[in-house]
Amino acid sequence: DLELHVQRCQQLSVTVLTDHQDLSNTELKTITNSTAPQQYRIRAKLRTYKPQKLHQSVKLHCSKCNSLQEVPDGDDFDIILQGSANIAPNPELRSTSWYESVTWTTQDQKQREIAIHFVKHDEMLQHPEDTLLMIEGGTLKEIWKLTKRFKCVIPVRSTEDDLELLDLSAPFLLQGNVKYYGCKQCSTPKPMRSLSSIAAEQQPSWEPTEIAQVLGIELLQYVFVMKFTLVDETGALNAYLFDY
């Protein structure tokens, strides 16, 4: 557990970074006055680290525009889903050549109409663990239930002539317990019919990178980011950790 490890490091009088054993120790003042890139070995104390809570270290990174953003809150996704549930599924977009649709109306007060579109392969439905489906009008709870049974779930809404992705503030794809997001700035979302090209492959694998590519989505990657402030008698140095 990194958080416990960092706390232990703070309790020690000195933390030694053990990389570059062949190098002698360099004072922090010398490093801050040098031009990068260089390799150094230091002997320093850990003064502070950010963020304080480990889960806040996980961000979303776009490799195209190099932006770094917070992982959206689950409540935000729920609000977007509630908004899309107000748009009734278009009956003309049910059961096409490449997907089969099932619809029903919920028994609660709102009487939501839900449509699930199962993508076919060779005009046949795949096994649930290999199936990609699209859902209209579903709640967060219903979507999570589907991700436990089916390989990929894409929340969509109806337009006049096709199904489309929701707002990119929401995940465009859910696989297991992982939510995949697209960069709002770099993505140019395409209609869902673009997925039919993957369905036509000999063995559709429904990999997130391939799905993102055909849907015009620049896939955001989860990254781990932390900032450490290191000190010795000569000065302070900020060290940044950035890793996929």
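Colleague: In this predicted model, is tryptophan 98 buried or exposed?

Modeller: Burial is read from relative accessible area, with under 20% counting as buried. Tryptophan 98 has a relative accessibility of 12%, so this residue counts as buried.

Colleague: What is the relative accessible area of tyrosine 99?

Modeller: For tyrosine 99 the value is 2%, and this residue is buried. Tryptophan 98 and tyrosine 99 also form an aromatic pair.

Colleague: Are phenylalanine 242 and tyrosine 244 buried or exposed?

Modeller: Phenylalanine 242 is partly exposed, with a relative accessible area of 40%. Tyrosine 244 is exposed, at 53%.

Colleague: Let us turn to a helix. Which residues of helix 3 are buried?

Modeller: Helix 3 spans residues 74-84, and its buried residues are Phe77, Ile80, Leu81 and Ser84. Viewed down the helix axis, these buried residues fall within an arc of 100°, so they line one face of helix 3. Asp75 and Ile79 are exposed on the other side.

Colleague: What covers the buried residues of helix 3?

Modeller: The covering elements include helix 4 (140-149) and strand 9 (152-158), as well as strand 11 (173-175) and strand 12 (178-180).

Colleague: Which residue caps the N-terminal end of helix 3?

Modeller: Aspartate 73 caps that end: one of its side-chain oxygens lies 2.7 Å from the backbone nitrogen of aspartate 75.

Colleague: How is the protein divided into domains?

Modeller: A domain may be built from separate segments of the chain, as here. Domain 1 comprises 1-64 + 223-243, while domain 2 comprises 73-182 + 197-204. The centres of domain 1 and domain 2, taken over C-alpha atoms, are 44 Å apart.

Colleague: Finally, over which residues does pLDDT stay under 50?

Modeller: pLDDT expresses the predictor's confidence in each residue. The protein has a mean pLDDT of 89, and 92% of its residues reach 70 or more. Over residues 9-15, however, pLDDT stays under 50, and the model has 11 contacts beyond four places in sequence for this stretch.

Key: Residues are numbered from 1 along each chain as its sequence is written. This is a predicted model: local features need pLDDT of at least 70, side-chain atom pairs count only at pLDDT 80 or more; totals for chains, interfaces and linings use all residues. Side-chain values use heavy atoms; hydrogens and water are left out. Domain bounds come from an automatic or database domain assignment. Buried means under 20% relative accessible area, exposed over 50%, partly exposed in between (1.4 Å probe, protein chains only). Helices (H or I, at least four residues) and strands (E, at least two) are DSSP runs, numbered from the N terminus. The arc is that of the directions from the helix axis to the C-beta atoms. Contact means heavy atoms within 4.5 Å. A polar contact is a pair of N or O atoms within 3.5 Å; within protein, one must be able to donate a hydrogen and the other to accept it, and residues adjacent in sequence count only if both atoms are side-chain atoms. pLDDT is the predictor's confidence in each residue, from 0 to 100. Rings of Phe, Tyr and Trp (its six-membered ring) pair if their centres lie within 6.5 Å; planes under 30 degrees apart count as stacked, over 60 as edge-to-face and the rest as tilted.
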